[in-house]
Amino acid sequence: MSETTTPDTEQPPARAGGSPIGHATAIGAAGFAWCSLALGLTTIGAFSAANGSIILVGTFFYGGLVQLIAGFFALAAGASFAAAFLTAYGAFWLGYTAIEFWVAPHIVAQAMSAATAKGASGPEAGAAAGHSVAQSLGMFLIAWLVVTVVFAVASTGTNGVVLTAFGLLTLTIVMLITAYLGASGAGVPQDFALKSAGWLEIVLATVAFYLVLAELTNENFGRNLLPLFPLNRRPLLGAAQPVLSA
């Protein structure tokens, strides 16, 4: 998925009008792929909770800031779709970092305080706090599910790899919503749904890394060595308009 001025989606990516702006999609997608892989491994239990917290550095800088900046460069190059999803998910990873680092602990503190004020014991207060966090995460992801479905529908005009990535992302969010909204009274997410989401994230990361590899390889060699399976061979608003291609 890249920005080019040619209507032929089988041609290698080219920079529009000799613009010095490179292909921001590969840069942003790499950050998204890294975060998806790290979070997927954490979700399936490959990392302990303590070690898993280290990924917040990556989700903030690589998934958040780098992807957000890449989205603005894509916008400057005239690639509206790439700019939209890069800035959206850059904001998502920044928000995820904020939730894990500050918002979730704040919710826990408030819930425990309220439960304690009602005379609940320590374990009961902790369970209420965990349930509040799980429900809040579920509602947060419902909003992102709507955004992702919009991008998934729009991606039918790009290529097969991008469409697959958004399909997997949609399924991942659905499973996470199921896990969190179906959490126990103590706030423990449904295990099957949560683990399924983790494995889906790992597969999603693989697809996203392939997208990055294909974008960079095809550009460097000047030909399509790694296919992206274009779905739309028609130019958008004329041949001079930047399009997303293979």
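Helices here are DSSP runs of H or I with at least four residues and strands are runs of E with at least two, both numbered from the N terminus. The model is predicted, so that local features need pLDDT of at least 70 and side-chain atom pairs count only at pLDDT 80 or more, while totals for chains, interfaces and linings use all residues. Residues are numbered from 1 along each chain as its sequence is written, and side-chain values use heavy atoms, with hydrogens and water left out.

Q: What makes up the secondary structure of the chain, and what pattern does the chain follow along the sequence?
A: The chain comes to seven helices and two strands, and reading along the sequence gives the pattern β-α-α-α-α-α-α-α-β.

Q: How do you know how much confidence the predictor has in the chain, and which elements have the lowest and the highest mean pLDDT?
A: pLDDT is the predictor's confidence in each residue, on a scale from 0 to 100. The chain has a mean pLDDT of 84, and 82% of its residues reach 70 or more.

Q: What makes a space a pocket, and what volume does the largest pocket have?
A: On a 1 Å grid over the protein atoms alone, a pocket is an open set of points with protein on both sides within 12 Å along at least five of seven lines, whereas a cavity is a set where a 1.4 Å probe fits but cannot get out; lining residues have an atom within 4 Å of a point. Grid points are joined across faces, edges and corners, and a volume is the space filled by probe spheres set on the points.

Q: Which residues lie nearest the centre of the largest pocket, and which helix gives the most to its lining?
A: The lining holds 35 residues, of which Leu39, Thr43, Tyr96, Glu100 and Tyr180 lie nearest the centre. Among the elements that give two or more residues to this lining are helix 1 (24–43), helix 4 (80–117) and helix 5 (122–154). Helix 4 gives the most, with seven residues.

Q: How many cavities of 30 Å³ or more are there, and which residues lie nearest the centre of the largest cavity?
A: The count comes to one cavity of 30 Å³ or more, and the largest cavity has a volume of about 160 Å³. Its lining holds 13 residues, with Phe32, Phe85, Ala165, Phe166 and Leu211 nearest the centre. Helix 6 gives the most to this lining, with four residues.

Q: Why is Asn218 called buried?
A: Buried means under 20% relative accessible area, exposed over 50%, and partly exposed in between, with a 1.4 Å probe and protein chains only. Asn218, in helix 7, has a relative accessible area of 0%, and therefore counts as buried.

Q: What makes the pairing of the side chains of Asn218 and Asn224 a polar contact?
A: A polar contact is a pair of N or O atoms within 3.5 Å; within protein, one must be able to donate a hydrogen and the other to accept it, and residues adjacent in sequence count only if both atoms are side-chain atoms. The side chains of Asn218 and Asn224 are joined by such a contact at 3.4 Å. The side chain of Asn218 also reaches the backbone oxygen of Leu226, at 2.9 Å.

Q: Why is Gln135 called partly exposed, and which residues does Gln135 touch?
A: Gln135, in helix 5, has 25% relative accessibility and so counts as partly exposed. Not counting residues up to four places away in sequence, Gln135 touches Tyr180 and Leu181. A polar atom of the Gln135 side chain lies 3.5 Å from the backbone oxygen of Tyr180.

Conventions. Contact means heavy atoms within 4.5 Å.
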